[in-house]
Amino acid sequence: MSQDEYRDMFPGHTEFRLPEPAPVRRVNGRRPIPESPEPAPAVGMTDSLDVWDQRVAGGLAFLRRRLAGSYEVDEFGFDPELAEAVFHPMLKILYRDWFRTEVLGIENVPLDGSGLVVGNHSGTIALDALMLTVALHDKHPRQRHLRLLGADLVFRMPVMSELARAAGATVACNPDAERLMNSSQLVGVFPEGFKGIGKRFSERYKLQRFGRGGFVSAALRTGTPIVPVAIVGAEEIYPILADLKPLARLLGVPYFPVTPTFPLLGPLGLVPLPSKWLIQFCPPIPTAHLREYADDPLVVYNLADQVRETIQATLHELLEKRPDPFGP
């Protein structure tokens, strides 16, 4: 642009000047070789790095808290932080990827306050109880923890006892159950006990006797609603073909199972078969209006029988929905 053209375009200005070029820096009398700028990381790569940074930072913070002892454990030994950071993520691999679990009727579980979740028991090893805790924490809007009532045998084993208590379990007795329910906790119980998980494959999905109905009397004393739950899928993970009772007595265990893979394949026989699981929570049965009948054997028996029939009928419905035990 000429000086005259500039004056025509900008009448108030008399001249224009081009910006002076920056001085060229020389090293030893020569121009330096320009450095190529570093390429910016891709957006997806940045996001993944951020996620891993957060995970590493969270893991280090978790270890610091554990080593410093700055975490809370309740009177029963339950460690919520350990359950959410370690137990649930590990169990969720089985729950989601191996068993492909589907959960129905989660709206029947109370949003808050106490509740007694009563389920059928099966599977040789009590994986159904563990999967039930994961289902409640994974699908419930409040991610509630299930406080399981376990058999005495579990709490007589040195390592298993500490792990069970840290995961939220306690001994299956009425005083502990009532204390939990009075503290507005969700309590889980399997009235069939070892009769359920140790039954043979030929008796699958046939509920065993519910004992003396102690769980019902505990619910009645606290006015806690009872939520029956039916679990389909656990019967196929370790199908029991026989029970070596002499060996079981020698080892001091309720039963010694013989399955298609155990003890034939040794440790590999402990890998559960990938059956398809369905878990359905049934409508709750209120008990607040029956608190004065907590010690009436007839009321207790009738209510326990109602819970048992509800679970058995729901099992039949779920089996019709899942015609193939190992389907998708």
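This is a predicted model: local features need pLDDT of at least 70, side-chain atom pairs count only at pLDDT 80 or more; totals for chains, interfaces and linings use all residues.
Trp-98 is partly exposed, at 34% relative accessible area, and belongs to helix H3, which covers residues 80-98.

Next come the aromatic rings. The structure holds three aromatic pairs, and two of them are visited here. Select Phe-99 and Trp-277: the ring centres lie 4.6 Å apart with the planes at 20 degrees, and the pair is therefore stacked, since planes under 30 degrees apart count as such. Where do Phe-99 and Trp-277 lie? Phe-99 is in the loop between H3 and strand E1 (102-104), while Trp-277 is in the loop between strand E8 (257-258) and strand E9 (278-281). The pair therefore ties together parts that are 178 residues apart in sequence. Are the two residues buried or exposed? Phe-99 has 0% relative accessibility and counts as buried; Trp-277, also at 0%, is buried too.

Now select Phe-256 and Phe-262. Their ring centres are 5.9 Å apart and their planes stand at 40 degrees, so this pair is tilted. Phe-256 has a relative accessible area of 16%, so Phe-256 is buried, the cut-off being under 20%.

For the last stop, select Phe-201 and Arg-204. Here a charge meets a ring: the charged end of Arg-204 sits over the ring of Phe-201, at 4.1 Å from the ring centre.

Definitions and conventions. Residues are numbered from 1 along each chain as its sequence is written. Side-chain values use heavy atoms; hydrogens and water are left out. Helices (H or I, at least four residues) and strands (E, at least two) are DSSP runs, numbered from the N terminus. Buried means under 20% relative accessible area, exposed over 50%, partly exposed in between (1.4 Å probe, protein chains only). Rings of Phe, Tyr and Trp (its six-membered ring) pair if their centres lie within 6.5 Å; planes under 30 degrees apart count as stacked, over 60 as edge-to-face and the rest as tilted. A charge sits over a ring if NZ of Lys or CZ of Arg is within 6 Å of the ring centre and within 35 degrees of the ring normal.
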